Amino acid sequence: MNVFRLAGDVSHLVAIIILLLKIWRSKSCAGISGKSQVLFALVFTTRYLDLFTVFISVYNTVMKVVFLALSYATVYLIYMRFRNSYNSENDTFRVEFLLVPVIGLSFLENYAFTPLEILWTFSIFLEAVAIMPQLFMITKTGEAESITTHYLFFLGLYRALYIANWVWRYHTESFYDLIAIVSGVVQTIFFCDFFYLYFTRVLRGRGKMTLPMPVDKKRPKAKDGTENCCIVCPTDVD
């Protein structure tokens, strides 16, 4: 255990608690991707199958139980308790595009061709892409509530801190896990654009994070038939 891993675990826990509190207090799961939360529940389920067979430490066991319980509680709130507020029409990411390649990679790249090891590898690969339905949902709607972006920030921070954890372990223990490192780097890359928007927009006090909308290539024409200038005039700026 080192400070980077501890901070990463705390950030991960804070992210899940923020999401749960948001849903419970607002009595709504609007803006939350249920598909991402189901994928995260699947991640924890396949990763912690050794919960009752392998004991590492009290801390390890407690954290496994907590993450499992909180992930399934989140899925329950979205699909059962507050299902009427679930925005399913915008949560349309095709998760099979993630599951099929992840399953294939799990069989091809693993440390031992055993059920538990393959499932552990599956959980590592799946965690790297499980946030994609949520990011896709934000892109589709064009905005996200600040509380949702706080959840995503701490989730991305958790992955970044775990990369620091692997670097620390390599220098102090000469130990590295290539599968976990590569997957963590891939997941952190997915968060890069979000981190920029988070720091430049959400932390400035805006209620929601609004994404820049694509520019229409067909510019409207002026009354004389010529195309309007694409430069924003000073009087048009807020």
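# Close-up views of a predicted model

**View 1. Lining of the largest cavity.** In this predicted model, the residues H12, I16, L19, Q37, F40, F44, S71, T74, Y151 and L155 line the largest cavity, which has a volume of about 70 Å³. A search of the whole structure for cavities of 30 Å³ or more finds one. The helices α1, α2, α3 and α7 each contribute at least two residues to the lining of this largest cavity, and by class that lining is made up of six nonpolar and four polar residues, with no charged residues.

**View 2. The largest pocket and the helices around it.** The volume of the largest pocket is about 840 Å³. Its lining consists of 32 residues, of which R5, R47, Y48, N60 and W120 are the closest to the pocket centre. At least two lining residues come from each of α1 (3-26), α2 (34-47), α3 (58-81), α5 (115-129) and α7 (146-173), and α7 gives the most, with six residues. Divided by class, the lining of the largest pocket holds 17 nonpolar, five polar and 10 charged residues.

**View 3. Helix α5.** This helix has 15 residues and spans 22 Å from its first C-alpha to its last, a reach close to the 21 Å expected at 1.5 Å a residue. Within α5, the residues I118, T121, F122, S123, I124, F125, L126, E127, A128 and V129 are buried. W120, by contrast, counts as partly exposed, because its relative accessibility of 22% falls between the limits of 20% for buried and 50% for exposed.

**View 4. Two tilted aromatic pairs.** The structure holds 12 aromatic pairs. In one of them, the rings of Y111 and W120 have centres 6.4 Å apart and planes at 40°, so this pair is classed as tilted. The pair formed by W166 and F175 is also tilted, with 6.2 Å from centre to centre and 35° between the planes. As for accessibility, Y111 is partly exposed, with a relative accessible area of 48%, and F175 is partly exposed at 35%, whereas W166, at 12% relative accessibility, counts as buried.

**View 5. An aromatic cluster at F44, Y48 and F67.** These residues, F44, Y48 and F67, form one aromatic cluster.

**View 6. Charged side chains over aromatic rings.** The charged end of K27 sits over the ring of W24, at 4.2 Å from the centre of that ring. In a second case, R159 lies over the face of Y158, and here the distance from the ring centre is 4.8 Å.

**View 7. I189 in helix α8.** I189 is located in helix α8, which comprises residues 178-200. With a relative accessibility of 52%, I189 counts as exposed, since the class of exposed residues begins over 50%. Although I189 and G156 are 33 residues apart in sequence, their C-alpha atoms are 9.2 Å apart in space.

Definitions and conventions:
Residues numbered from 1 in each chain as written. Predicted model: local features only at pLDDT ≥ 70, side-chain atom pairs only at ≥ 80, totals over all residues. Heavy atoms only, no water. 1 Å grid on protein atoms, 1.4 Å probe; cavity = no way out; pocket = protein on both sides within 12 Å on 5 of 7 lines; lining within 4 Å. Points joined across faces, edges and corners; volume = space filled by probe spheres on them. Helix = DSSP H or I, 4+ residues; strand = E, 2+ residues; numbered from the N terminus. Nonpolar A, V, L, I, M, F, W, Y, C, P; charged D, E, K, R; others polar. Expected span 1.5 Å × (residues − 1). Buried < 20%, exposed > 50% of the residue type's maximum accessible area, 1.4 Å probe, protein only. Phe/Tyr/Trp six-rings, centres within 6.5 Å; stacked < 30°, edge-to-face > 60°. Lys NZ or Arg CZ within 6 Å of the ring centre and 35° of its normal.
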